[in-house]
2 protein chains.
Amino acid sequence: MAAHPSRDTQLNTATKGLGDSRAGCSLQDVASLGWNILREEVSLPVAVLRQSRIRHNLHWMQDFMQRYGVQLAPHGKTTMSPALFHLQLEHGAWGITLATAPQVQAAWQHGIRRMLLANQLVGKGNMAIISRLLQDSSFSFCCIVDSAANADALGRYFAAAGQRLRILLEYGVEGGRTGIRSPQQEDAVLAAIARWPQALSLVGVEVYEGVLQQEADIRAFLQAVLARTRVHAAAGRFTEQNIILSGAGSAWYDVVADEFSGFDPGQPVDILLRPGCYLTHDVGIYRHAEQRIHSHNPIARDMGSSLLPALQLWAYVQSLPEEGRAIIALGKRDAAFDAGLPQVALHFRPGHDQQPSPAPADWMVVSMMDQHAFMRIPAAADLQVGDMLAFEISHPCLTFDKWRQLLLVDDALNVTGAVETLF
Amino acid sequence: MAAHPSRDTQLNTATKGLGDSRAGCSLQDVASLGWNILREEVSLPVAVLRQSRIRHNLHWMQDFMQRYGVQLAPHGKTTMSPALFHLQLEHGAWGITLATAPQVQAAWQHGIRRMLLANQLVGKGNMAIISRLLQDSSFSFCCIVDSAANADALGRYFAAAGQRLRILLEYGVEGGRTGIRSPQQEDAVLAAIARWPQALSLVGVEVYEGVLQQEADIRAFLQAVLARTRVHAAAGRFTEQNIILSGAGSAWYDVVADEFSGFDPGQPVDILLRPGCYLTHDVGIYRHAEQRIHSHNPIARDMGSSLLPALQLWAYVQSLPEEGRAIIALGKRDAAFDAGLPQVALHFRPGHDQQPSPAPADWMVVSMMDQHAFMRIPAAADLQVGDMLAFEISHPCLTFDKWRQLLLVDDALNVTGAVETLF
């Protein structure tokens, strides 16, 4: 396996949302092709990343983390785009969080060397991937454990491989997802880890608070986890000088920063927060989360600006078959639909308009099929077949995974580059 | 643009659901690697196609269409897998239906030469793709029109290109998706088509009945469309000797076959039905549709067998954090969730079981996140972290688009090949 930085990656012309290109064109070459979205030089639907907003979001989160004195290990599963991972590292990220062994492998193939797998590593096929990557001495890796059976399976596998796996203890909440719930489970997991001293190295503690809905519950959970971490530190259970302490999805990172920041269990702590959706933000679930953060968190309030929606989908009006209804060539294959439907932001009539204009608030996507969206419009709406609409979305993760390549655009919708995804 | 048959395609090792491979391994080479799912030689989750069931489904649908004397133009958007398209052609398909211009281009790049685009062709970026492909004289193509504005836009574009585009008139229903609703719309579209005699060639009629819920409504709609087709034929509006008449998604193809078969408007008719999901079938919406077909359709009943679910997702039990709850390493990134959640079919304990056994009926997926499923199990369920489960799904289309490669397996879960998808 060799590392393949994105600059050598060929444009995949068997996919959607591209313009015409010469044979063998690389992602790096896309900027030189001179495509513009409004000049209809790209096939719609297309997913675009507004570069100025991405840059704003990168700086915003870097600033926020620095003010709290914590580190960012953004969840890479959101975008699975190595070029974006490298942008995140250039803007201060400690490393990249991932969800599965193949995701870790994809990131490694593209030059990422510090990763946290925020899941248990289960199954021989997946252990084999990590074992192969650990042959690279520059690869820094840890994963989580919440089960004695898993700790024994990992111990057995990595002992046989003559390797040592760095692990974090995961705590969870009753009614939640993964993670240790009870002292009995904790004892069992610690005992299993202790059975494999050559193969397993406990280096920290991990939580995912995003299954809880109330701030007070989250704070209580985080405080309980800090208390356990203090106990483990005092008992000398961590094998490295610096303890890793990791939490936070994209909705509650401010509360986690607030609870974890300044934590002192008597040895140094690397506090790693894992929001992934900040990079593109959205106009749905994460805008909603952001509103709470800006009304409650003093540091976010003090920063003045907030995250901006940077991922847009452009699509054509496909059919206007009856009064009050527009069929848009944008489907479940193109946009997330599980946490709110896409919202139309801009309207542009090619060959007529100079600039896109804000779409009326009463144009509303009401349902979607695989390749179509149904938009409710007033009877008198000024809309034609062939008009272009820009949609903003809710839930970046399930939008990114619909696209093998996304285009970077400037504010005039000139295409300035392309990034690939590796789902 | 050159054609790239799948046999030359390299295995994409930056994605999920694969085993270890040597550098530069092609899809064609996968069979020789000797992977077996039950021996844990593949990273889970993995999407597998049960070859014997795929073969059964191919033969079943070929037989069904032949008995009705109609032709199959399977909707390729379901799988977007050129290797599967070629299998469909080898089993009697007339050609492949697609949903977008980039899908048509992807199919063309992989050697498909007869296609129906079951949508309007909207926007210059998309027209440019089709115009480039039409330079290949072996490429046979048609698309649909329901709007005078679109017919004029197509006429203008293809007249300027000195090319002729073959189009089908689409009819729709009030409250439905695309398609002409009224005589006024029909007049306007026909008038627009007539304005571009050099560039637009009306070769048939198309419908999508799948937006209707009741058989009687569907039959009435289809009969009305046949009546209009007869009128157009009598008026000499079709420019080719054979009229194309196309309908049918994956739920009502039997009713469309029944209504269209034997239709005689006074000139030859190519009746093209477009189900796409028959190839893998499912245990959700399409099993439900199949039950109606088998209880109502005399030919299907006479055939004895029915379609079989051929697409399986294998995943690990990731965590058993509390009584009654298993967390499975299978998420919205891996399986459709919009028309019913995945259903667990088989249970296998690596290193212990010889064969998978049927999963108990009371193990039930109750919700999903991006990378996890929550399964409700009885308190006494015999389940361990690291156990393997096979899931069957509802809605193949939105499952295929989660996978860049799917593995072909025999009945012993030996991997016999791989197919790529091009979404």
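In this predicted model, the contact between the two chains draws 70 residues from chain B and 70 residues from chain A. The size of an interface is often given as the accessible area lost when the parts come together, and on that scale chain B and chain A bury about 5800 Å² between them, with 47% of it on carbon and sulfur atoms. Within the area that chain B buries against chain A, B:Arg177, B:Arg333 and B:Arg404 supply 12%, which is more than any other three residues.

Where both partners have a pLDDT of 80 or more, 56 residue pairs are in polar contact between chain B and chain A. Several elements of chain B each supply at least two residues of the side that touches chain A, namely the helices α3 (101-109), α4 (124-133) and α11 (397-400) together with the strands β4 (114-120), β10 (311-322) and β11 (325-328). The largest share of that side comes from β10(B), which gives seven residues. By residue class, the side of chain B that touches chain A divides into 24 nonpolar, 27 polar and 19 charged residues.

A single residue shows how one place in this region is arranged. B:Thr15 sits in the segment before β1 (46-50) of chain B, and because its relative accessibility is 4%, B:Thr15 counts as buried. Leaving aside neighbours within four places in sequence, B:Thr15 is in contact with A:Pro102 and A:Phe423 from chain A, and with B:Arg404 and B:Gln405 from chain B. A polar atom of the side chain of B:Thr15 lies 2.7 Å from the backbone oxygen of A:Phe423.

The interior can be approached through its nonpolar residues. In soluble globular proteins, nonpolar side chains tend to be buried together. Here the largest nonpolar core has 221 residues, of which A:Phe64, A:Met375, B:Phe64 and B:Met375 touch the most other members. If residues up to four places away in sequence are not counted, B:Phe64 touches B:Tyr253, B:Asp254, B:Ala257, B:Asn297, B:Ile299, B:Ala300 and B:Met303.

Side chains of opposite charge can pair when their charged atoms come close. Over all chains the structure holds 46 salt bridges. In one of them, A:Glu240 pairs with A:Arg166, the closest N and O atoms being 2.7 Å apart. A:Glu240 lies in the loop between α7 (215-234) and β8 (243-247) of chain A, while A:Arg166 lies in strand β6 (residues 165-171) of chain A, so the pair ties together parts that are 74 residues apart in sequence. With a relative accessibility of 29%, A:Glu240 counts as partly exposed.

In chain B, B:Arg53 forms a salt bridge with B:Glu392, and their closest N and O atoms are 3.5 Å apart. Because B:Arg53 belongs to helix α1 (residues 51-68) of chain B and B:Glu392 to strand β16 (residues 388-392) of chain B, this pair ties together parts that are 339 residues apart in sequence. B:Arg53 is partly exposed at 26% relative accessibility, whereas B:Glu392 is buried at 11%. A further salt bridge links B:Glu186 with B:Arg228, whose closest N and O atoms are 2.7 Å apart. B:Glu186 lies in helix α6 (residues 183-194) and B:Arg228 in helix α7 (residues 215-234) of chain B, so parts that are 42 residues apart in sequence are tied together. B:Glu186 is buried, with a relative accessible area of 5%, and B:Arg228 is partly exposed, with 29%. Salt bridges also link A:Glu215, A:Arg219, A:Asp254, A:Asp258, A:Glu259 and A:Arg292 in a network.

A:Gln198 is placed in the loop between α6 (183-194) and β7 (200-207) of chain A, and its relative accessible area of 66% makes it exposed. Not counting residues up to four places away in sequence, A:Gln198 touches A:Gln163 and A:Arg164. A:Gln198 and A:Ala418 are 220 residues apart in sequence and, from C-alpha to C-alpha, 44 Å apart in space.

Key
Residues are numbered from 1 along each chain as its sequence is written. Chains are lettered from A and ligands numbered from 1 in the order in which they are written. Side-chain values use heavy atoms; hydrogens and water are left out. Contact means heavy atoms within 4.5 Å. Buried area is the accessible area (1.4 Å probe) that two parts lose on being put together, summed over both. A polar contact is a pair of N or O atoms within 3.5 Å; within protein, one must be able to donate a hydrogen and the other to accept it, and residues adjacent in sequence count only if both atoms are side-chain atoms. Helices (H or I, at least four residues) and strands (E, at least two) are DSSP runs, numbered from the N terminus. Ala, Val, Leu, Ile, Met, Phe, Trp, Tyr, Cys and Pro count as nonpolar, Asp, Glu, Lys and Arg as charged, and the others, Gly among them, as polar. A nonpolar core is a set of buried Ala, Val, Leu, Ile, Met, Phe, Trp, Tyr and Cys residues joined through side-chain atoms within 4.5 Å. Buried means under 20% relative accessible area, exposed over 50%, partly exposed in between (1.4 Å probe, protein chains only). A salt bridge is a side-chain nitrogen of Lys or Arg within 4 Å of a carboxyl oxygen of Asp or Glu.
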